[in-house]
Amino acid sequence: MAEEWKPKILAIICNWCSYAGADLAGGARIQYPPDIRAIRVMCTGRIDPLFIMKAFQDGADGVLISGCHFGDCHYLEGNFKAAKRMFLIKSVLKNIGLDDRRIRMTFVSASEGAKWAGVVNDVVKTVTELGPSPLKEFEK
Amino acid sequence: MAEKKEARIGVFICHCGTNIAGSIDIKALQEYAKTLPNVVVADEYQYMCSTPGQGKIVDAIAESKLTGVVVAACSPRLHEPTFRMASKVGGLNPFRFEMANIREQNSWVHMHDREGATAKAKDSVRIAVAKASLLEDLFPKSVPVEKAALVVGAGVAGIQASLDLANAGIPTYLIEKSPTIGGRMSQLDKTFPTLDCSQCILTPKMVDVGRNENIILKTYTEVEKVEGYIGNFDITLRKKARGVLTPDEAAERGYVGGGCNGCGDCAGVCPVIKGNEFEFAMAPRKAIYIYHPQVVPNIYTVDFESCIKCGLCVDICGDKKAIDLEMEDTFETVKVGTAILATGYDLFPIEKKAEWGYNRYENVITGLEFERLICASGPTGGHLVRPSDGQTPMKVGFVLCAGSRDNTGVGKPYCSRFCCMYSLKHAHQIHEKIPGARVYLFYMDIRSFGKMYEEFYYRIQDEGAKFIRGRVSNILEDATTKNLHVFTEDTLLQRPINLELDLVVLASAVQPVAEEDTIRKLFGVSKSQDGWMLEAHPKLNPCGTTTAGVFLAGVCQGPKDIPDTVAQAEGAASAASIPIHTGKVELEPYFAQCMDEKCAGCGMCVNLCPYGALALVEKNGRKVMEVTEAKCKGCGTCGGFCPGGAIHMQHFTTPQIVAQIDAFLLGGEQ
C-alpha cells in the first residue's frame, strides 16, 4: 500500500465524443490526475448496467460513464438510453448502501478537451473525498 | 468463436520519441508486460508506426505465433488502422489487434507525474492484453455503393463540388434552401486581391450547374431525413411549396409549353411589397419574386407568408399556367452513395455589440450591405450612398474584428478570416469610385496571409487609407446630420481619437447558418467548440467527418475565403467520389449477433434499435431475434440491455468488456 490512498476509478466512454474529447485534452496537454482508467466502447448505449455493478463488485471506488451530448449521439439516441439506465444504477447503488456519487454520467463532446479534464478532476476529487469503497472491506 | 486456441499476445510499446518516453518508464512497462498472462513477446521501439516499428510486429506474429497484438502508443483514433494493417501483413486477422492509449490519455496529460503515468500505463496495457486475449477473427462486410452523390448548399463550395462530381461522371443532387443558387458569393461585388468581379467568375459556374446533365438541381428544397450508411444513404427531401411550376413540372400536369419562363409579368402586377432579402431589404421585391435577374434557375417563387392570394399573378400568367397558389410541400427520397455538406455562413447579429449602434444608427452598415451598395447590380446601381440621406460619403470608417476575436462573451472568439481582406478591398473601391474620399480602418491586426494578400495590403496603404490600431469603444450619432462620432484609442500613438465620419462599415463576424445544427445532426456530424462542423482530423482529414461517406466543404467547417473554400470543395468532391468510383466500401464488422440458445424472444432489443435492424423471427418453433447486418451500425445499445445476455456485440463482446474491467480492478497489484 502506498502512503497516500489513491482511488480506483473506471471510465467507460464512447468512441465518437468523449474518447475523442479525451484525446483532444491530450493534444492540448491539459493536465489532470492519473487516477482513472478508460475503456472504449462505440456508444454509451452499449454499457450494460451489469458492467458497472461488476466494477463495483471488483472493488472500484468510482465509475464514470461519458458520452455525447443529447442530440449529438453518433447512433442517434444511444446516450439517452444510457442516461435512462443511470437512474436504475443509482437507485440500486443506494439500496446496497453505496453513495450514488460514486457513479457519474457526463456528456463531453469531441471538441471539449478542457471539459474532459475538468470532469476527471472533479470525479477524482469527489471519489477521493468519499474514500475507499465500503464493498472492498466487505469482500475481504 | 469455434476454435479455442490458447492466446499468445505480443505487446509493442512505442516511445513516440520523447512524447511517451518522456513521461513513462518504457523499460519498466516492458518488463511488466512480460509478466502478464498470455503475453509471449514484449518489445519496444522509438516509433512503432514507422517501417521498422511495424516490421517488428509483422516478424513477431510469425516467429512467436501470436494470436493477438497489443500496441501501447497513441490513440486508436489515430493509428488503429495503421497497426491493423501491420497485423494483417503479418498474417493475423486485423481485428485481433488492440491498442493501449498511453499518449493522448496518459503521457500528454500526466507530463509531470512519471510514477502515476507509468502505473496508469501498466494498467492500460494489462486491460488491452485482457481484451486482446479474447479477440476473434472478424471480416468486414463489403457493400455496393450507389452511383450518386448529394451536395447540400449551393454556394460557391456546393457549386464547385457538384461540378467536379458531375464532371467525374457521378449523378449529383444539388440541394439549396433558397430559390436560387449562388450563395454568399453572388452577393459580393469584387473579390480580393485580384478585384475580379464576383458575378463574372461565379455566374458562368451557375449556368454550368443548370446545364450539366449529371447535376439534378433542387432549389427551395431542404433535407428532411437521412437514413442508411456510406454507399447507401436514403435522403428524404422536402421540396418547399414554391407556388410556381417549372416548364417540366407544368408538362407533368399536362400544360405542355407552360410553366415559368421568368418573364416577370406576375411580379409586375403583384400588389404586395416586401424587402428583398438578397439586398438586405435595401431594395423592394413583390410577394412573387426573384432575388435578382441572374438567378439560376430563372423561376419565380411565391412568398406564401406575404401573399394575399388576390390571384392577379395567376390571371396575367394566363395560358402558361405557371402559378399555383394552392401548392403544398412535397417529399421525395433519393438514394446516394456519399454526401457533401456545404451550408455556409450567416453574419453574426452585430447589433448585439450595442456600442456600435447597428440598427440604431442609419449610417452604420455591415460589410455585406456595403457589397450590395457598391455593386453595379445592387439597389443603388453601384453608387455608394449614405442610407440616411442618399449623399455620397466622403469620410468612411471600417471597424475590423467586429464581433470576431471577441472574448467578452458577446461576440465570437475566433478570427473570421476574410474580414480584413474585404475591408481592404472596400477601402480600395472607395478610393476608386469617390475621388477625395478619406478612409479609416480601425484594426487590431491586419491578417493578410494569402497569396498576394500582403502585397494588396501595401497597395491600399499607398492609396492613402488611414490605419488606426485600436478597437472602437463607442459610436455616437449626431441627431441632425446623422454623422457618426467614432471613439477609439490609437494604441500606436497612445492617443485617444474622436473622428466624425459619414459612414461606418462593420466587418461583422460570421457564424454558422441557423439550420446548421439540424443538418449536422441529420448526418451525424459533430460540431467544434466554436459551433462550426467538425472535420475528422484538422490536418490529415479536413474534408471528412466522423460519419463515413459524409464530407464538408466551405465555411460550414470554419471561416475561409473563396480560394480556400473552392479548394476544400474540390477536395471534398474528390473524397466523395472515391467510394463511388471504387464501387464498394467495407463496413467495420461491429455487428450485433443473436445467440439463439440464450435468446428468450422478449423483443426488448427490437424496440431499442434506432435503425430497425432487429426483428423477431420464428426459428425451430420459437421466437428469436435476428439482425439485418446491413442495417446494424454496431452501437451495441441492444447488447447493453439484453436481459439474457444473448447479444454478441462483435469486437465489444460482454466477455471482452468484463475481462477489461476485471483486468483493471482485479489483475494488478492489490
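Start with the salt bridges: this predicted model holds 42 of them over all chains, counting a side-chain nitrogen of Lys or Arg within 4 Å of a carboxyl oxygen of Asp or Glu. Before you click around, note that residues run from 1 along each chain as its sequence is written, chains are lettered from A and ligands numbered from 1 in the order written, and side-chain values use heavy atoms, with hydrogens and water left out. Local features need pLDDT of at least 70 and side-chain atom pairs count only at pLDDT 80 or more, while totals for chains, interfaces and linings use all residues.

**Stop 1: a bridge inside one helix.** Select B:Glu31 and B:Lys34. Their side chains meet in a salt bridge at 3.6 Å, N to O. Both sit in helix H1 (residues 26-34) of chain B, three residues apart, about one turn of the helix. Helices here are DSSP runs of H or I with at least four residues, strands are runs of E with at least two, and both are numbered from the N terminus.

Stop 2: Step back to B:Cys16, in the loop between strand S1 (9-14) and H1 of chain B. Its phi is near 45°, a positive value in a residue other than glycine.

**Stop 3: where the chains meet.** Now show chain A against chain B. The contact (heavy atoms within 4.5 Å) takes 52 residues from chain B and 50 residues from chain A. Together they bury about 4,500 Å², 57% of it on carbon and sulfur atoms; that is accessible area (1.4 Å probe) lost when the two parts are put together, summed over both. Four salt bridges join chain B and chain A. For a salt bridge between the chains, pick B:Asp123 and A:Arg37, 2.7 Å from N to O.

Which helix gives the most to the side of chain B that touches chain A? Color H17(B): it supplies eight residues. By class, that side of chain B has 21 nonpolar, 20 polar and 11 charged residues. Here Ala, Val, Leu, Ile, Met, Phe, Trp, Tyr, Cys and Pro are nonpolar, Asp, Glu, Lys and Arg are charged, and the others, Gly among them, are polar.

**Stop 4: the largest cavity.** A cavity is a set of points on a 1 Å grid over the protein atoms alone where a 1.4 Å probe fits but cannot get out. There are nine of 30 Å³ or more, and the largest has a volume of about 320 Å³, taken as the space filled by probe spheres set on points joined across faces, edges and corners. Of its 23 lining residues (an atom within 4 Å of a point), select A:Tyr19, A:Ala38, A:Ile39, B:Met99 and B:Asn101, the closest to its centre. Strand S2 (36-41) of chain A, together with H3, strand S4 (97-101) and H5 of chain B, each give two or more residues to the lining. The lining divides into 12 nonpolar, five polar and six charged residues.

**Stop 5: two cis peptide bonds.** Go to B:Phe192 and B:Pro193, joined by a cis bond with omega near -15°. B:Pro193 lies in the loop between strand S8 (190-191) and strand S9 (196-197) of chain B. Then select B:Val296 and B:Pro297, also joined cis, with omega about -5°. Look for B:Pro297 in the loop between strand S15 (288-289) and strand S16 (301-302) of chain B.

Terms used:
On a 1 Å grid over the protein atoms alone, a cavity is a set of points where a 1.4 Å probe fits but cannot get out, and a pocket is an open set with protein on both sides within 12 Å along at least five of seven lines; lining residues have an atom within 4 Å of a point.
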